[in-house]
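This report is meant to be read alongside the sequence and the structure displayed below.

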Amino acid sequence: MNELKSTMAGTVFTVDVTAGDEVAQGQAVIVLESMKMEIPVEAEKGGKVKEVRVDVGDFVNEGDVILTFE
Amino acid sequence: MTVKPTGDGRLEEKLEQIFAGGQPKYHEKLKEQNKMFVRDRLKLLFDGGEYTEDARFANAEAGDLPADGVVTATGRIGGRTVCVMANDSTVKAGSWGARTVEKIIRIQETAEQLRVPLLYLVDSAGARITDQLDMFPNRRGAGRIFHNQVRLSGVIPQICLLFGPSAAGGAYIPAFCDIVIMVDGNASMYLGSPRMAAEVIGEKVTLEEMGGARMHCTVSGCGDLLAADEKEAIEAAKRYLGYFPQNFGEKPSMAESVEPKEGRPLGEIVPQNQNAPFDMYEAIDTLIDEGTFFEIKKLFAPELITGLARIEGRTVGIIANQPKAKGGVLFVDSADKGAKFISLCDAFSIPLLFLADVPGFMIGTKVERAGIIRHGAKFLSAMSSATVPKISVVVRKAYGAGLYAMAGPAFEPDACIALPSAQIAVMGPEAAVNAVYSNRIQAIEDPKERIEFIKEKRREYQEQIDIYKLASEMIIDDIVAPDQLRGELARRFEIYSTKEKTAPLRKHPVNPV
C-alpha cells in the first residue's frame, strides 16, 4: 500500500506536501473541504512522497489516490 | 488440573484424558500460533481459575473427542456469576459434533435461567461434515444456537471472544453477540474460506484479507475490539462486563468517582471556528472519570466515537462526533455503529450521553447509492426508541439531520444542553446563504460588492441561529459553561436515574434496516 487515498468526497483545499518530502505517520498531507468543513487527510504511514496526484480545487471522491510513496 | 484418586481409578483416568484435550501435536500447534489451550483460557478468565463444568464426559467413549471439543462452564468473573462456552481447537479443530451443539444449547439455557451473562470463547473450524445429520438440520441442531442467541439478546449480555476461526455458519455466533473481541493475527470470520472462494467464484485472497481480525475491526464492522493477544482479549472482556448489569432487569453498578484526566480545559479544546477540526477524545477526557473509557469499534467509522465510561462513578454510554475524522460527518457505517451502540446501552439500562459536533449526514452519489437514508433511519430509530436517560450536549455545531441523530430536542432527550460555542441550524451559514441567495449572488457583478453581500447575509443568518436566541425560545434547555459541564452531567444523570419510560403498546416497531 504505497498510496494514500482520500477518506471522503470533497474539494482539495490545501496541499501541504510536495514530491520528495518525508512525512511522518499521522501527518496531515492535504486538507479537503467537504460539507463546509476543513478535513485533514493524514498519512497512514510515514515515508517519502513520490508523487502528489491532486491540486488545490480538484474534486476527489472517497478512495481516490491523493499521493504515492516511494 | 490434578485428579485425586478414588476407587478403581477409572474416573481419574477418564478425567485426565478429558482435561488433556486433543493430541500433543495440536497443543504444539497452539504454541506456534501464540494461542492458549482452552482450559488455560478459562483459568485466566474465571476468578481464582475455578469453574463448574457440565457434560465433561460428552463423547468421552469415542476416545479421541474429549469433552466433544467444547468446554461449557459456570463460574465467577469479578465476583459475578457468568456462563461460558469455549471451543477446544485441539479436538478436531474445535469443530461441532452433535454433543458439542447440545452442550452449547444447554449452557445457553442455563444462562437464560440464571439470568447471567454468557461468554462465547470461539475457536472453531465449524460443523463436522461427517456428523451433519446429527447436528445441522434438526430441532436441537446448530441453528438452535443462533435462535437462542437471538432470544437471549437484550436479556443477558452476550460477549464473544474470538481466538481463532469462526467459519461458515459458526460466524453467526459473533454476529449475534453484543460485542466481538478479536485477537489480531489469529481470529477470523468468514462464510466461505479463501479456498472455497477460489473454487467457487475464482477469487484469490489471503485469509487475513477475507476475514481477518483487523479487516473486521476496521472495514466490515463485524469486530468491535482488536486485541494484541489472548490475554489482552480476556482482560478486555472482564473490563467490559464491569459496565453491565447481570441482566436487563438490573441496573449497572456504581463505582468510586475518580477525577478526570488532567489536561486542557474543555473551553480551550473546542475552537471557536466552526470549521476547524479538534480532537473529541480530548473533550471526552474532561468529562469522564480518568481511565474509565472503554471504546467500542474504535477502528471502524472513526467519525463517530462510541464507548462506555463513568461520570462520577456512574456508567454512561457516550456517542460523540469526531471532527478530526472526516469532519465528524455521518456516513453509512457511522450510522450503523451509532444504532448498534445505542441499542446495546438501552437494553441494559445504560444512560446515553450525546456529544454533538456534526455537519450532518454525508451527501453525494456514493452515499446515496449505499443507502445513507435507510442507514441514517436506523440510527435515528435506535436513538428515538431508547428509553434510558438521554442527555444531548451540543458542543459546537449540530446541523441538519445531524441534530436529530444526536438526540436533538424533538427526540425527547431528558435535556438538550448547549455550550456557548454551540450552533444549531438546518445548515451552516456558508451553505445557507448560497442556497437562499444563489441567484442574487450571481447577479452582483462587482466582486467586492458580492463578497460584502455574502458577508452581510452570513451575519444576519448567524443572528437568527444565535444560541442565546434558541435558549430564549426554550428550544434548548440550558447553556452551560464548558468547565461546569461535567458537574452538570453528573447531577442530571443522578436525577434521571429513576426515569421510567415505557415503549408504546405494540408488538415491535418495523425496524428500518
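## The sheet in chain A

In this predicted model, strand S1 of chain A and strand S8 (residues 65–69) of chain A are joined in the antiparallel sense over three bridges. Within this pairing, Lys5(A) has Val65(A) of S8(A) as its bridge partner.

The pair belongs to an open sheet of four strands in chain A, arranged in the order S1-S8-S6-S3 with antiparallel pairing. Strand S1 (3–5) and strand S3 (22–23) of chain A stand at the edges with a single partner strand each, so one side of each has no neighbour in the sheet.

## Where chain A touches chain B

The contact between the chains draws 12 residues from chain A and 14 residues from chain B. On the side of chain A that touches chain B, the largest share comes from strand S5 (residues 37–42) of chain A, which supplies four residues. By class, the residues on this side of chain A comprise six nonpolar, three polar and three charged.

## Domains of chain B

Chain B is divided into domain 1 (10–241), domain 2 (266–422 + 476–498) and domain 3 (427–465). Between the C-alpha centres of domain 1 and domain 3 of chain B there is a separation of 60 Å.

## Helices H4 and H6 of chain B

Helix H4 (residues 98–114) and helix H6 (residues 142–152) of chain B have axes that come within 9 Å and cross at roughly 15 degrees. Because angles under 35 degrees count as roughly parallel, H4(B) and H6(B) are described as roughly parallel to each other; the crossing of H4(B) past H6(B) is left-handed.

On the H4(B) side the contact is made by Val101(B), Ile104(B), Ile105(B), Gln108(B), Ala111(B) and Glu112(B), while H6(B) contributes Ala142(B), Arg144(B), Ile145(B), Asn148(B) and Leu152(B). The contact of H4(B) with H6(B) has seven nonpolar, two polar and two charged residues.

## Helices H18 and H19 of chain B

For helix H18 (residues 429–443) and helix H19 (residues 447–464) of chain B, the axes come within 10 Å and cross at roughly 130 degrees. H18(B) and H19(B) are therefore oblique to each other, and H18(B) passes H19(B) in a right-handed crossing.

The residues that H18(B) brings to this contact are Pro429(B), Ala432(B), Val433(B), Tyr437(B) and Ile441(B), and those from H19(B) include Arg450(B), Phe453(B), Ile454(B) and Tyr461(B). By class, the contact of H18(B) with H19(B) consists of eight nonpolar residues, one polar residue and three charged residues.

Methods
Residues are numbered from 1 along each chain as its sequence is written. Chains are lettered from A and ligands numbered from 1 in the order in which they are written. This is a predicted model: local features need pLDDT of at least 70, side-chain atom pairs count only at pLDDT 80 or more; totals for chains, interfaces and linings use all residues. Axes are lines fitted to C-alpha atoms, for helices over the stretch in contact, and angles run from 0 to 180 degrees between N-to-C directions. Helices (H or I, at least four residues) and strands (E, at least two) are DSSP runs, numbered from the N terminus. Angles under 35 degrees count as roughly parallel, over 145 as roughly antiparallel, 65 to 115 as roughly perpendicular and the rest as oblique. A crossing is left-handed if the near helix is turned anticlockwise from the far one by less than a right angle, and right-handed if clockwise. Two residues are in contact if their C-beta atoms, placed from the backbone, lie within 7 Å. Ala, Val, Leu, Ile, Met, Phe, Trp, Tyr, Cys and Pro count as nonpolar, Asp, Glu, Lys and Arg as charged, and the others, Gly among them, as polar. Domain bounds come from an automatic or database domain assignment. Two strands pair if DSSP finds at least two bridges between them.
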